[in-house]
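Please work through the exercises below with the sequence and the 3D view open, and try each task before you read its solution.

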Amino acid sequence: MKAMLIYESMTGNTKKAAEHIAEALQKRGVSVTAVSPTTNINYQALSNADLVIIGTWTDGLFVVGQRPAKAARLRLLPAMKSKQAAVFCTYALDPGRVLQKLTTIVEGLGADVIGGMSIRRSDLAAGALEFVDRLLASTPKLVST
Ligand SMILES: Cc1cc2nc3c(=O)[nH]c(=O)nc-3n(C[C@H](O)[C@H](O)[C@H](O)COP(=O)(O)O)c2cc1C
């Protein structure tokens with residue numbers, strides 16, 4: 001099983017979260033082939049990936065109107081037909097329905113979204129670990145034997 005991550009980040013939190021997720025996956029035996037910003041995607045890794053993990057940050061008025069940041073750019077990501085995907089967002093106070101909205105965007109690319117988690121920016125490392133543990137608990141075959 002090969003995984004790769006794609007993230008959108010303005011001030012670095014979502015990038016850090018993506019790196020923590022990649023590290024945790026590798027520690028648990030999942031091969032991570034790339035951690036790419038949306039502006040510089042590793043297309044080779046994407047084309048070979050079985051699992052694509054896509055993250056962005058929460059953009060809104062902090063407790064209302066939350067939406068996935070750079071949604072227009074995310075909608076233009078390459079098609080991911082027949083791939084499994086998982087989504088995450090980082091946030092400060094309240095992510096609202098960002099995860100559901102991001103799921104809809106990624107499903108629009110053709111991927112099958114198998115899970116997702118909102119990660120508070122004050123707790124990126126622990127949130128990333130919890131996300132990976134949940135993901136692997138629901139899909140144990142992601143870990144190569
Ligand atoms: C313009 C702007 C709007 C934001 N709106 C929200 C919001 O509505 N709710 C929230 O919980 N966090 C909000 N945040 C906080 C970010 O989602 C949070 O800091 C995130 O981790 C930033 O990710 P990044 O460092 O990868 O850019 C906002 C931040 C910015 C800059």
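**Exercise 1.** Find which residue's side chain meets that of E23 in a salt bridge, and say where the two residues lie.

*Solution.* Start from the rule, by which a salt bridge is a side-chain nitrogen of Lys or Arg within 4 Å of a carboxyl oxygen of Asp or Glu. Finally, check accessibility, for which buried means under 20% relative accessible area, exposed over 50% and partly exposed in between, with a 1.4 Å probe and protein chains only. E23 is partly exposed at 44%, whereas K27 is exposed at 64%.

This is a predicted model, in which local features need pLDDT of at least 70 and side-chain atom pairs count only at pLDDT 80 or more, while totals for chains, interfaces and linings use all residues. Residues are numbered from 1 along each chain as its sequence is written, and side-chain values use heavy atoms, with hydrogens and water left out.

**Exercise 2.** Work out how the salt bridge of R134 and E130 is placed in its helix.

*Solution.* The side chains of R134 and E130 meet at 2.8 Å, N to O. Because they are 4 residues apart in helix α5, about one helical turn separates them. R134 is partly exposed, with a relative accessible area of 46%, and E130 is also partly exposed, at 39%. By the salt-bridge rule, the count comes to 6.

**Exercise 3.** Determine which residues of α5 are buried, and where they fall around the helix axis.

*Solution.* The buried residues of α5 are L124, G127, A128, F131, V132, L135 and L136. Seen down the axis of α5, these buried residues fall within an arc of 160°, taken from the directions from the axis to the C-beta atoms, so they line one face of the helix. What covers them includes α1 (13-27), β3 (51-59), β5 (84-91) and β6 (112-120).

**Exercise 4.** Decide whether E8 is buried or exposed, and describe its surroundings.

*Solution.* E8 sits in the loop between β1 (2-7) and α1, and at 5% relative accessibility it counts as buried. Leaving aside neighbours within four places in sequence, the contacts of E8 (heavy atoms within 4.5 Å) include T14, T38, W57 and R73.
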